[in-house]
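I opened my notebook to look up charged side chains that pair up. My entries follow, in the order I made them.

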Amino acid sequence: MPTCFQRLLLTIVLIFPSILTAKELLSISDKTTETIKLVPELVIAPQVQNVNITEIRNSAAIQWEPFRTAQIKGIANTSYWVKFDFIQTVPQAKQLILSLTNPHIDSIGLYHFKNGLLVQQLQLGDYYPFANRPILSTNFLYSFASQQFDKHQFYLKIDSTGATNLPLNLWSSEAYYQNAEQQTALYGFQLGVLTAIGIFSLFIALTSRSFSYTYYAGYVLSITLFVASLNGLAFRFIWPEWPQVQNYALPALLSLSMMFAFLFSEKVMLFKYHNQTMLRLCRISAAASVLLLVVCLFLDYTTALRLNIYAVMLASVMLMYMSTAQAIKGYKLAKLFAIGWFCMMLGALISGALYLNIFNSDLTASTPFIIGLTTEVIFMAALLAIRYNDERIAKLKIQQDALDQAKQAREHKEKALRIEARSSEQLSQKVQERTLELEIALRELNEANQKLTEQAKVDSLTGVKNRNSFDKRILAEGRISRRQQTPLSVLMLDLDHFKTINDSYGHLAGDQALRVVADILKQNLKRPTDLVSRFGGEEFAIILPNTDQTGALQVAESIRKAINAAPISWGDQSFPLTVSIGVNSEVINSE
């Protein structure tokens, strides 16, 4: 006869159908990887929104109904409550994990009741920074312990835009982590292949400066980032502290990928040479993709995502049509291109129909697109490899033809040289003689020109620079002063009583006085950039670049003293020299 406790337990099992499922899960061994799909066990209150957990539990007016996958599917703005409960009947204590594998749900309010008491309340979703999650995973996880006869009840408040599917599962901790390792390996392999192809194409583009590889690298890398965002990996590793990026990442990356796809197709299919209509269509479509990217920044997430899904479906059909048309015309690379875009088109159309809820299926909406995308990327990589090899072979053939032509030209040239050698020998000696005479004449002419040039710059009496040299130099130094904002100083010297010297001792004595003063001036200017010139008559001018007023005054004073200390001897007579010096220093600020 069954005991009262056994009868009570049997009654509980009959009342709660989900208990049998929970018992099956919790009775598995530690090495089992089974899981419970909770969607068949869920009940939903779809019309209930602005209520709290107390009202949702206690209100008799709330109508709960069985959860149907078809009613929460596709892309939409959604807000609803779901719940499920189970009881553990096995004696062993278990550590369980509740997982929700849609990483794009905005907000999840999770309430866990055990034996009628609230034991945990969490707020999850990609609306919050990644670090806020209780378990750091791309999926939304909640871990809890369970003992024999524990009755668990879960309420979930879902608020989201975009993909609304609710893949809710209950795992033993061992089973979940075994499955997580498999998923991580799959995602890692998928993203690793895409990233490797993208980076390789980018390096090829940088070294070869090929637009085809540049656009292909942009396409693969943007698609790779899109896949990482779709799987939740981008939110985890790239922008974990900026959840607002999630509202723009998928639409923006889809638009960017379409732009690169059209530009790449234009280059690799050589529409510029084969089909002007398709060339214009590709460029218009690329521009439209950029416009769509900008427009989606100002739209709500649901509308932007829907527009991009329609655009991807249309773009894949267009590119499939263009590649097929080129393949029919016999273009070799178009055949591979058509096969790749057929896989991409098929995956995009199926996934698009699932996301837009055009038809229902248990298949994950992103799976056909990912499969088609991976196949298409591999085919495009093969296409580029074949094109690269063809271009290499064509280049080698051109090089070989060029070498053959050069060899023939060299043979003809050698034959012509042999024919001309005999006659050129007779002319060679005469040419050398004439060349030597010409070189000597040119050398003498060059020396004469240098002397004339130097004489044109130097005052013949004093040996310093003349007025023309001063004018040119003052303009050049003025520009340097203006550009570098450095002071420029000019000294103007005038021999005192020069007319008296000429009248008293003769003009030859005056010339000797000018030469002595010029020598003193050259001796007192130490820098190669300083310039002394005869300005006219008994006047001299000195240019002192990068010299301020104080420095210029010091130079002027040393010159004055040197001239005072050097009287002129003329015959058996001598007479003193004095000079008047004007100094001006300033930074040139105008032409």
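I started with Arg467, which is partly exposed at 38% relative accessibility. I noted the cut-offs: buried is under 20% relative accessible area, exposed is over 50%, and partly exposed lies in between (1.4 Å probe, protein chains only). Before going on, I wrote down that this is a predicted model, where local features need pLDDT of at least 70, side-chain atom pairs count only at pLDDT 80 or more, and totals for chains, interfaces and linings use all residues. Residues are numbered from 1 along each chain as its sequence is written, and side-chain values use heavy atoms, with hydrogens and water left out.

Next I looked up the partner of Arg467. Its side chain meets that of Asp471 in a salt bridge, at 3.3 Å from N to O. A salt bridge here is a side-chain nitrogen of Lys or Arg within 4 Å of a carboxyl oxygen of Asp or Glu. Asp471 is partly exposed too, at 31%. I found both residues in helix α13 (residues 467–484), four residues apart, about one turn of the helix. Helices are DSSP runs (H or I, at least four residues), numbered from the N terminus.

I then turned to helix α15 (residues 507–524). Asp519 and Lys522 both lie there, three residues apart. They form a salt bridge, with the closest N and O atoms 3.9 Å apart. Asp519 is partly exposed at 36%, and Lys522 is partly exposed at 39%.

My last stop was Glu557, which pairs with Lys561 in a salt bridge of 4.0 Å, N to O. Salt bridges that share partners join Glu557, Arg560 and Lys561 into one network. For the whole structure, I wrote down eleven salt bridges.

Technical notes:
Helices (H or I, at least four residues) and strands (E, at least two) are DSSP runs, numbered from the N terminus.
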